Amino acid sequence: MRRISPVLQQDGVDSDLISLIKTILAACREISFRVSQGELAGVLGSTLGQNIQGETQKKLDIIANELLKEVILDTGVVKAISSEEEDDTVAGNPDGKYLVTFDPLDGSSNTDINSLIGTIFSILPAQADKAAEDASQFLQPGSAQLAAGYVLYGPSTMLALTTGKGTRLYTLDKTYGGFLLTEEQAAIPKYTAEFAINMSNQRYWQPAMQAYIDDLLKGKEGPRGKNYNMRWIAAMVGDVHRVLCRGGIFAYPRDTKDANKPDKLRLMYEANPMSFLVEQAGGVSSTGYERIMDIVPTDIHQRVAVILGSKHEVESCVAYHK
Ligand code: AHG
Ligand code: MN
Ligand code: MN
Ligand code: MN
């Protein structure tokens, strides 16, 4: 099995970008180790703090954030970082070539129940005309991403990574200490009969989403003509990983539950990197109205509705929004 560097070299990835990716993965290996130690490492439970998203921070949110921030800024090739757990962007080397955005710990509510969690990251090109302190340099559409990936801390620790040459899956070999290529090219089946959505929000969705899910629930007798199954892991990394492995549709649509927060998922830390991975595996990612990677962000912590996965199913869902 092949290690990461030769695969990325073969894909023609810049050597600085390869070492940046490897540095991020080194931090993820450390997070993976601490996560696997659970209560023994004293990493479970909540802190007294809240993040800018209005969420109570788990100890692991903070630990993962600090680890990633430190090693990424230490590389010297990064001009600034932006994280779900940081109010503002953090400046690095003014001459750095890259910007990194990340969700240090996705699926925080799963930490205390020993269930799936992960880290999501995205790498953008730095902009020469902007200062390292300038947050506006991050406001680039997802289509500008140079690389995106997630590390899933599951029964095995897995990495999904794209640099625009397809989406590859790697598995952490804990004896050797590195990630080995275990799936050369993830390919999301175009058709599916599996959906993932938090059904408890149904009454708050827009009519288009309500009508779409209603039709799925009608099964064989309904307009879609087949029975659907449902899954919900409550960690986007887990749900997207399943979609990459065997297809499906994952949605966190707009809702009216909280007037100040119509959309839940974060564009720069969650939606864009996942959209890049999904598209590079032959899937589709949309808000219902537009391609997610076409959105030009107006704020680093911007939220967005997400509908992604199997091409035919996402297109069917989008058709309800017309
Ligand atoms: P995070 O833990 O990084 O804040 O993200 C949680 C997100 C996402 O991973 C997941 O799909 C969704 O929140 C779950 O939301 P519900 O609790 O509403 O199901
Ligand atoms: Mn959070
Ligand atoms: Mn998240
Ligand atoms: Mn998070």
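Two strands pair if DSSP finds at least two bridges between them. Helices (H or I, at least four residues) and strands (E, at least two) are DSSP runs, numbered from the N terminus.

The model is predicted: local features need pLDDT of at least 70, side-chain atom pairs count only at pLDDT 80 or more, and totals for chains, interfaces and linings use all residues. Residues are numbered from 1 along each chain as its sequence is written, while chains are lettered from A and ligands numbered from 1 in the order in which they are written.

**View 1. Strands E7 and E8 form an antiparallel pair.** Strand E7 covers residues 147–153 and strand E8 covers residues 157–162. They are joined by 6 bridges. A hairpin of 3 residues links E7 to E8. Leu-152 has Met-158 in E8 as its bridge partner. Val-151 is bridged to Leu-159 in E8.

**View 2. Strand E7 is covered on both faces.** A residue is buried if 20 or more other C-beta atoms lie within 10 Å of its own, exposed if 12 or fewer, and partly exposed in between; C-beta atoms are placed from the backbone. E7 is largely enclosed by the rest of the structure, because 7 of its 7 residues are buried. Ala-147, Gly-149, Val-151 and Tyr-153 make up one side. Ala-148, Tyr-150 and Leu-152 make up the other. Strand E6 (residues 117–125) runs antiparallel to E7, joined by 7 bridges. Within this pair, Phe-121 stands opposite Gly-149.

View 3. E8 and E9 are antiparallel, with 5 bridges. Thr-162 stands opposite Thr-167 in E9. The hairpin of E8 and E9 has 4 residues between the strands, and Gly-164 there takes a positive phi near 95°. E9 and E10 are also antiparallel, over 5 bridges. Here Tyr-170 has Leu-181 in E10 as its bridge partner. The E9 and E10 hairpin again has 4 residues between its strands, and Gly-177 in the turn has a positive phi of about 95°. Strand E9 (residues 167–173) has 5 of its 7 residues buried, so it is largely enclosed by the rest of the structure.

**View 4. An open sheet holds 8 strands.** Their order is E4-E3-E5-E6-E7-E8-E9-E10, and the pairing is mixed. E4 and strand E10 (178–183) are the edge strands, each pairing on one side only.

**View 5. An annotated domain spans residues 14–184.** The UniProt entry, which is unreviewed, names this feature "domain: Fructose-1-6-bisphosphatase class I N-terminal". UniProt positions are given in the numbering used here, feature names are shortened, and annotations may be inferred rather than shown by experiment.

**View 6. Three residues carry a "binding site" annotation.** The unreviewed UniProt entry places the annotation on Glu-84, Asp-103 and Leu-105. They are spread over 22 residues of sequence, yet they cluster in space, with a largest C-alpha distance of 9.0 Å. Glu-84 sits in the loop between strand E3 (78–83) and strand E4 (90–91). Glu-84 counts as buried because it has 25 C-beta neighbours inside 10 Å. Two residues are in contact if their C-beta atoms, placed from the backbone, lie within 7 Å. Leaving out residues up to four places away in sequence, Glu-84 touches several residues, including Asp-103, Arg-266 and Tyr-269. Leu-105 belongs to strand E5 (residues 98–106). Leu-105 has 29 C-beta neighbours inside 10 Å, so it counts as buried. Beyond its neighbours within four places in sequence, Leu-105 contacts residues including Lys-58, Leu-60 and Ile-117.

View 7. A residue is near a molecule if its C-beta atom, placed from the backbone, lies within 6 Å of it. Asp-106, Ser-108, Asn-198, Ala-234 and Met-236 come nearest.

**View 8. Glu-279 lies in helix H6.** The helix covers residues 267–279. Glu-279 counts as buried because it has 22 C-beta neighbours inside 10 Å. Not counting residues up to four places away in sequence, Glu-279 touches Ser-285 and Met-293.
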